Amino acid sequence: MREVSRARAWAGRGVALIAALACIATSKPRWHIEAAFPRQAPTVTPAGGRLGLAVTVEASRLPEVRCSTPDHRFQVLRPLAPATTTAPSAVRARYLCAPGWQLESVRIDEGSGEPRSSTPPPGEFVRITRLEAVETWTVSAETSAPIRPWDRSPEYGIATVVATSPLQPYFQASVEPGPAAAMFGVPSLMGPSTDGAHYEFLVPVTAPGGPYRGTIRVRATIYGACEASCNPPGPDALTLAPADDAG
Amino acid sequence: MNRRRELLLHPVAVIAIAALIANDHWFKDAYPGWLTGKLSDAAGLALFPLLLVVLAGDLAPRSWASIAVATLITALGFTLVKTCPAATALYRVGLGALQWPFLALGDWLHGSGLRGPVAVAAVTDPSDLLALPFTGLAAVVAWRTGYVRPARAPA
């Protein structure tokens, strides 16, 4: 009996502490700042060409840079190279919207999802310092992976592909047999891994007719900006493997 | 048995705590809208009077008066924050200051620069007063746990 009473006393103290912390942690700061695009600068380049859009950004924290692709997908870009620190609380980073992609937004934020936004704290800023069309190189690779049942439901399948690349690859996928048998979702990025070189993509497949056995064919492309000269890296810069073979 | 601590172990209090945490940290982001906007208010109003009584310790005698005072403080504070822009601003800065040690600890663990206190998000919105009746749950919990009456009649 005494044990139970002691346990309840400790539970009471614990719950009081959690309740106090929950009350303090409510109403988290939620704000965002969106960078204005420089006037008369291009925000899109022609699809199928060699020109991409290089975006140089300075901000108080690493920004989120989003582009939309010609097939209306949003890509959150990673910096072309690690961001450099320009001041105690400022970073500079360069991003590349691939040929045909439209620059959508450059922003920093804290918290998300709530329409009510508070004022950003002093010292937070984001600005596009340079936005220009640049020559690009591309390297592509293809692989296929079997679709496995997923989530204990025969109507859902999944294929996992691992990419090894120093840059974030852009993925396109198709299902075989064709889309009449199954619908496939947008490949979703699950990585990169802690070493920053492996990107794992999940490709959800829905087959309303029941169990679906097929193959997903994945094409990945990495893009880079041509600097002084345009020497794309060799094919080793991007390798793909089904997750089971990735080792 | 310490009846004061039992207040926060009552299912209503536990559900309020769970709702407050889940709503602030997941639901508001996943399902932004009217319902999630009000849920934290309702949960906080149900919970806060009980927390005040527990934190007050022996300063709050075991009586209806303690529950009434805690409920009144909660309701009055909430009404001010939701109707008076100056009170809203004070709340944003005050709660931001209370959150700052945790932000600073997070910054330190991430190895990033130390930030100053950040005002929290809050707006003056009288429609949030719809949640005020939830303060009444404190009285229900106080009665059900035996905080304001003997739980069992003496033999």
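A:Gln40 sits in the loop that links strand E1 (31-34) and strand E2 (51-59) of chain A. Start here, with one residue, and work outward. The model is a predicted one. Phi of A:Gln40 is near 65 degrees, a positive value in a residue other than glycine. Is A:Gln40 buried or exposed? A:Gln40 counts as exposed, because it has 6 C-beta neighbours inside 10 Å, and a residue with 12 or fewer falls in that class.

Now take a second residue of chain A. A:Ser144 lies in strand E8 (residues 126-146) of chain A. A:Ser144 has 17 C-beta neighbours inside 10 Å, so it counts as partly exposed. Which residues does A:Ser144 contact, leaving aside its neighbours within four places in sequence? They are A:Thr215, A:Ile216, A:Arg217 and A:Val218. A:Thr160 is 16 residues from A:Ser144 along the chain, and the two C-alpha atoms are separated by 9.6 Å.

Step back to chain A as a whole. Its secondary structure comes to one helix and 16 strands. Chain A has 247 residues, and 30% of them count as buried. Consider the contacts in chain A with a separation of 6 or more. Residues 24 or more positions apart account for 75% of these.

Chain B is built from helices. It has six helices and zero strands. Read from the N terminus, its elements run α-α-α-α-α-α. Chain B has 155 residues, and buried residues make up 35% of them. Among the contacts in chain B with a separation of 6 or more, 70% come from residues 24 or more positions apart.

Look next at how the helices of chain B pack. Take H2(B) and H3(B). Their axes are 8 Å apart, and the helices pack at an angle of about 145 degrees. This crossing is left-handed. On the H2(B) side, the contact is made by B:Val12, B:Ala13, B:Ala16, B:Ile17, B:Ala19, B:Leu20, B:Asn23, B:Asp24, B:Phe27 and B:Lys28. Facing them in H3(B) are B:Thr36, B:Leu39, B:Ser40, B:Ala43, B:Gly44, B:Ala46, B:Leu47 and B:Leu50. By class, this contact of H2(B) with H3(B) has twelve nonpolar, four polar and two charged residues.

H3(B) also packs against H6(B). The axes of H3(B) and H6(B) come within 8 Å and cross at roughly 50 degrees. That angle makes H3(B) oblique to H6(B). H3(B) gives B:Ala46, B:Pro49 and B:Leu50 to the contact, and H6(B) gives B:Leu137, B:Ala138 and B:Val141. The contact of H3(B) with H6(B) has six nonpolar, no polar and no charged residues.

Where do the two chains meet? In all, 33 residues of chain B are in contact with 31 residues of chain A. On chain B, helix H1 (3-7), helix H2 (11-30), H3 and helix H5 (85-110) each supply at least two residues of the side that touches chain A. Which helix gives the most to that side of chain B? H2(B) does, with seven residues. The residues on this side of chain B divide into 20 nonpolar, seven polar and six charged.

Chain A brings a helix to a helix of chain B. The axes of helix H1 (residues 2-24) of chain A and helix H3 (residues 34-56) of chain B come within 10 Å and cross at roughly 125 degrees. That makes H1(A) oblique to H3(B). The crossing of H1(A) past H3(B) is left-handed. From H1(A) come A:Ala16, A:Ala19, A:Ala20 and A:Cys23. They meet B:Gly44, B:Leu47, B:Phe48, B:Leu51 and B:Val54 in H3(B). The residues of this contact divide into eight nonpolar, one polar and no charged.

Finish with the largest nonpolar core, which has 39 residues. Which of its residues touch the most other members? They are A:Ala19, B:Leu7, B:Ala46, B:Leu47 and B:Leu50. Two or more core residues come from each of these elements: H1 of chain A, and H2, H3, helix H4 (64-83), H5 and helix H6 (137-144) of chain B. H3(B) provides the largest share of this core, ten residues.

Methods: Residues are numbered from 1 along each chain as its sequence is written. Chains are lettered from A and ligands numbered from 1 in the order in which they are written. This is a predicted model: local features need pLDDT of at least 70, side-chain atom pairs count only at pLDDT 80 or more; totals for chains, interfaces and linings use all residues. Axes are lines fitted to C-alpha atoms, for helices over the stretch in contact, and angles run from 0 to 180 degrees between N-to-C directions. Helices (H or I, at least four residues) and strands (E, at least two) are DSSP runs, numbered from the N terminus. Angles under 35 degrees count as roughly parallel, over 145 as roughly antiparallel, 65 to 115 as roughly perpendicular and the rest as oblique. A crossing is left-handed if the near helix is turned anticlockwise from the far one by less than a right angle, and right-handed if clockwise. Two residues are in contact if their C-beta atoms, placed from the backbone, lie within 7 Å. Ala, Val, Leu, Ile, Met, Phe, Trp, Tyr, Cys and Pro count as nonpolar, Asp, Glu, Lys and Arg as charged, and the others, Gly among them, as polar. A nonpolar core is a set of buried Ala, Val, Leu, Ile, Met, Phe, Trp, Tyr and Cys residues joined through C-beta atoms within 7 Å. A residue is buried if 20 or more other C-beta atoms lie within 10 Å of its own, exposed if 12 or fewer, and partly exposed in between; C-beta atoms are placed from the backbone.
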